[in-house]
Amino acid sequence: MKFRWVGALLLSVAAYYVYLPLPSGVSEPWKLMLHVAHSLGACHRVHLLNRAISWVEVTDARSSPTVHVTDSTLGGVPTRVFQPIGGEGLKRGVIYFHGGGWALCSGMRSYDLLCRKMAEDLDAVIMSVDYRLAPEAVFPDQYHDAVAASRAFLSAEVLQRYGIDPERVCASGDSAGGNLAAAVVQEV
């Protein structure tokens, strides 16, 4: 029942937003709406965007017949590990950093499907790093989280636990995550 009320409210707001006459000089009305929400004290505009993304993309750590998924903390940083089921011998390892301008999304939620697909197709253990986000965390906090999680993942204990070949580990990411991946491989 609560879901219906929330849905009706969101639909009403969307309908009002679509039919609200705005001055012709406003070229990006969604930015205006975020600014109004921020100005009214509802929340920071980045938090509002993250909430909207989370409503659509929240995914629990659920395993499938082909991939075992676990949430853990490595180096003090929340991570989600995707481990392919089956096969013999040591696996490849991928440390994955999500995009989002160091402010949006979550490696544990928004990139769940992508990491599952990578684990299946590459037959590799994927560690998705959920580094701290702005505006609470400011640079270089994200970088420090990425380095700490990577160092923990590359420890002999963790590599052995997940059956990863230490000679076949890489870092990857998209957008801001690609930036973090490039920085991590130079540091670690």
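Analyst: The model is a predicted one. A place to begin is helix 4, residues 112-122, where Asp112, Cys115, Arg116, Met118 and Ala119 are buried.

User: What makes a residue such as Cys115 in helix 4 count as buried?

Analyst: The term buried applies under 20% relative accessible area. Cys115 is listed among the buried residues of helix 4, together with Asp112, Arg116, Met118 and Ala119. These residues cover an arc of only 160° around the axis, which puts them on the same side of helix 4. An α-helix has 3.6 residues a turn, so residues three or four places apart point the same way.

User: Which exposed residues does the other face of helix 4 carry, and what covers the buried residues?

Analyst: Leu113 and Asp121 are exposed on the face of helix 4 turned away from its buried side. The cover over the buried residues of helix 4 includes strand 1 (67-74), strand 2 (77-84), strand 3 (91-97) and strand 4 (124-129).

User: Why is Asp123 called partly exposed?

Analyst: Asp123 has a relative accessible area of 35%. Exposed requires over 50% and buried requires under 20%, so a value in between is called partly exposed. Asp123 lies in the loop between helix 4 and strand 4, and its phi is positive, about 50°, although it is not a glycine. Most residues other than glycine have a negative phi.

User: What makes Ser175 exposed?

Analyst: The relative accessible area of Ser175 is 61%, and the term exposed applies over 50%; Ser175 is therefore called exposed. Ser175 sits in the loop between strand 5 and helix 7. Ser175 also has a positive phi, about 55°, and is not a glycine.

User: How do you know that the buried residues of helix 7 are on the same side?

Analyst: The buried residues of helix 7 are Ala176, Gly177, Leu180, Ala181 and Val184. They cover an arc of only 140° around the axis, which puts them on the same side of helix 7. The face turned away from that buried side carries the exposed residues Val185 and Gln186. The buried residues pack against strand 3, helix 5 (141-153) and strand 5 (164-173). Helix 7 lies across strand 3 and strand 5, and runs at about 140° to strand 5.

User: What makes strand 1 and strand 5 the edge strands of the sheet?

Analyst: The open sheet has five strands in the order 1-2-4-3-5, with mixed pairing. Strand 1 and strand 5 each pair on one side only, and they are the edge strands. On average, neighbouring strands of this sheet are turned by 20° against each other, direction ignored.

User: Why is strand 1 said to pair with strand 2, and in which sense?

Analyst: Two strands pair if there are at least two bridges between them. Strand 1 and strand 2 have eight bridges, in the antiparallel sense, so they meet that cut-off. Strand 1 and strand 2 form a hairpin with two residues between them, and Gly75 in the turn has a positive phi of about 65°.

User: How many helices and strands does the chain have, and how many residues?

Analyst: The chain has seven helices and five strands, in the pattern α-α-α-β-β-β-α-β-α-α-β-α. Of its 188 residues, 35% are buried.

Definitions and conventions
Residues numbered from 1 in each chain as written. Predicted model: local features only at pLDDT ≥ 70, side-chain atom pairs only at ≥ 80, totals over all residues. Heavy atoms only, no water. Buried < 20%, exposed > 50% of the residue type's maximum accessible area, 1.4 Å probe, protein only. Helix = DSSP H or I, 4+ residues; strand = E, 2+ residues; numbered from the N terminus. Arc of directions from axis to C-beta. Contact = heavy atoms within 4.5 Å. Axes fitted to C-alpha atoms, helices over the stretch in contact; angles between N-to-C directions.
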